[in-house]
Amino acid sequence: MERVEIRVDGMTCGGCVKSIQNALVNREGVSSATADLDSSMVAVEFDSGVIQQSAIEQAITDAGFSVAA
Ligand code: 9UX
């Protein structure tokens, strides 16, 4: 299991936190996603044999948020 923390721009309320977490957990290979509004960080645990970090970042973008550099 891999763990990554990704900085995400555009999370402004608790609804954003929930929608980003749901978007990630619904992806096969993602076992948990925890977004923190104050730090704008999303911690994701995933199986790198099933999903790549690039696809995780794409899921964040598809949900309407942007991944910070
Ligand atoms: Mo809150 Mo976020 O009303 O996509 S849900 S700003």
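**Entry 1: R27**

Leaving aside neighbours within four places in sequence, R27 is in contact with I51, A55, A59 and D62. Contact here means heavy atoms within 4.5 Å. R27 sits in the loop between α1 (14-25) and β2. Helices (H or I, at least four residues) and strands (E, at least two) are DSSP runs, numbered from the N terminus.

The cut-offs are under 20% for buried, over 50% for exposed and partly exposed in between, with a 1.4 Å probe and protein chains only. I also checked R27 against G49: they are 22 residues apart in sequence, and their C-alpha atoms are 13 Å apart in space.

**Entry 2: ground rules**

Numbering starts from 1 along each chain as its sequence is written, and side-chain values use heavy atoms, with hydrogens and water left out. Because the model is predicted, local features need pLDDT of at least 70 and side-chain atom pairs count only at pLDDT 80 or more, while totals for chains, interfaces and linings use all residues.

**Entry 3: the chain as a whole**

I counted two helices and four strands in the chain. From the N terminus the order is β-α-β-β-α-β. The radius of gyration is 11 Å, close to the 11 Å that the globule rule gives for 69 residues, so the chain is as compact as a globular protein of that length. The radius is taken over C-alpha atoms, and the rule is 2.2 Å times the number of residues to the power 0.38.

Along the principal axes, the C-alpha atoms fill a box of roughly 30 × 20 × 20 Å. Buried residues make up 33% of the 69 residues. I then looked at contacts between residues at least 6 apart in sequence: 58% of them join residues at least 24 apart. The accessible surface comes to about 3,900 Å², and 43% of that belongs to carbon and sulfur atoms. Areas come from the Shrake-Rupley method with a 1.4 Å probe; for residues, only the protein chains shown count as cover.

**Entry 4: the sheet**

In what order do the four strands lie? They form an open sheet, β2-β3-β1-β4, with antiparallel pairing. The edge strands are β2 and β4 (66-67), and each pairs on one side only. Two strands pair if DSSP finds at least two bridges between them.

I went through the pairs. β2 (residues 30-36) and β3 (residues 41-46) are antiparallel over six bridges. T34 has A43 as its bridge partner in β3, and A33 has V44. β1 (residues 2-9) also pairs with β3 in the antiparallel sense, over six bridges. There, E2 has F46 as its bridge partner. Two bridges join β1 to β4, again antiparallel. V67 in β4 is the bridge partner of V8.

β2 and β3 form a hairpin with four residues between them. S40 lies in that loop. I noted its positive phi of about 60 degrees, although S40 is not a glycine.

D47 is partly exposed, with a relative accessible area of 36%. Not counting residues up to four places away in sequence, D47 touches M1 and G29. D47 and E2 are 45 residues apart in sequence, yet their C-alpha atoms are 6.1 Å apart.

**Entry 5: the ligand shell**

Which residues surround the ligand? I list T12, C13, G15, C16 and F65. A residue is near a molecule if one of its heavy atoms lies within 4 Å of it. The shell divides into three nonpolar, two polar and no charged residues. Ala, Val, Leu, Ile, Met, Phe, Trp, Tyr, Cys and Pro count as nonpolar, Asp, Glu, Lys and Arg as charged, and the others, Gly among them, as polar.

I followed up T12, which lies in the loop between β1 and α1. T12 is exposed, with a relative accessible area of 64%. T12 and D38 are 26 residues apart along the chain, and their C-alpha atoms are separated by 9.2 Å.
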